[in-house]
Amino acid sequence: MGKGKECLAEESAGAVIEKYSNMVYRLAYARTGSRHDADDIYQEVFLRYFRRKPVFDSEEHRKAWLLRVTVNCSNSFLSAPWQRRTMGLPEDLPYEGGRKDHLDLHSKLQMLPAKYRGVIHLFYYEELSVEEIARILHRKPSTVRTQLVRARQRLARILKEEDYAF
């Protein structure tokens, strides 16, 4: 095993959680629209990480693995039969600084289907390229580009309908 792999594998649990907790939680929340559900997914992702103790070639590999597991856990959660029969309460996730325009935009983003919220989150909040998102979601880059375009179009319609102004 190379020296780089050993360093990544030996990083403490606290360091990994500190470095990636916000990213995992935000993506889980973007996919589910619920803080409670995002908490459950967050815990499951890190449980899988520490149980499996994967070894990575690079920090980017670790990040991609965590994002992929978060997407998989979110998908499993959203497709569960009991989830389809329940309806969550609307929630607002406060952004740092609590700016009203961020809260308003966030509530509008929650109106998008989960597949669109996910690509929007990964592209704008995690600042991943289309190619990186495609690898993480196991989709073609053209599919990711199409989803981004459709998400922007839907969001524009939602904002227009609500007479939303930045």
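Reader: Why is Phe123 called partly exposed?

Author: The model is a predicted one, and in it Phe123 has a relative accessibility of 26%. Buried requires under 20% and exposed over 50%, so Phe123, at 26%, counts as partly exposed.

Reader: What makes Phe46 buried or exposed?

Author: Phe46 has a relative accessibility of 4%. The limit for buried is under 20%, so Phe46 is buried. Phe50 has a relative accessible area of 26% and is therefore partly exposed. Both Phe46 and Phe50 belong to helix H3 (residues 35–52), where they are four residues apart, about one turn of the helix.

Reader: What makes the rings of Phe123 and Tyr124 an edge-to-face pair?

Author: Their centres are 4.9 Å apart, and the limit for a pair is within 6.5 Å. Their planes stand at 85°, and edge-to-face requires over 60 degrees. The pair of Phe123 and Tyr124 is therefore edge-to-face.

Reader: How many aromatic pairs does the structure hold, and why is that of Phe46 and Phe50 called stacked?

Author: There are eight aromatic pairs. For Phe46 and Phe50 the ring centres are 6.4 Å apart and the planes are at 25°. Stacked applies to planes under 30 degrees apart, so this pair is stacked. Phe46 and Phe50 also belong to a cluster linked by ring pairs, together with Tyr25, Tyr42, Tyr49, Phe56 and Trp65.

Reader: How do you know that the length of helix H9 agrees with its number of residues?

Author: Helix H9 (residues 141–161) has 21 residues, which at 1.5 Å a residue should span 30 Å. The end C-alpha atoms of H9 are 30 Å apart, so the two values agree.

Reader: Which residues of H9 are buried, and why are they said to lie on the same side?

Author: The buried residues in H9 are Val144, Gln147, Leu148, Ala151, Leu155, Ile158 and Leu159. These residues cover an arc of only 100° around the axis, which means that they are on the same side of H9. The exposed residues Lys160 and Glu161 are carried on the face of H9 turned away from its buried side.

Reader: Which residues touch the most other members of the largest nonpolar core?

Author: They are Val45, Leu66, Leu67, Leu122, Ile133 and Leu137, in a core of 40 residues. At least two residues of this core come from each of helix H2 (13–32), H3, helix H4 (59–79), helix H6 (100–109), helix H7 (114–125), helix H8 (130–137) and H9. H2 supplies the largest share, eight residues. Leaving aside residues up to four places away in sequence, Ile133 touches Val119, Leu122, Phe123, Leu128 and Val144.

Note on methods: Residues are numbered from 1 along each chain as its sequence is written. This is a predicted model: local features need pLDDT of at least 70, side-chain atom pairs count only at pLDDT 80 or more; totals for chains, interfaces and linings use all residues. Side-chain values use heavy atoms; hydrogens and water are left out. Rings of Phe, Tyr and Trp (its six-membered ring) pair if their centres lie within 6.5 Å; planes under 30 degrees apart count as stacked, over 60 as edge-to-face and the rest as tilted. Buried means under 20% relative accessible area, exposed over 50%, partly exposed in between (1.4 Å probe, protein chains only). The expected span of a helix is 1.5 Å times one less than its number of residues. The arc is that of the directions from the helix axis to the C-beta atoms. A nonpolar core is a set of buried Ala, Val, Leu, Ile, Met, Phe, Trp, Tyr and Cys residues joined through side-chain atoms within 4.5 Å. Contact means heavy atoms within 4.5 Å.
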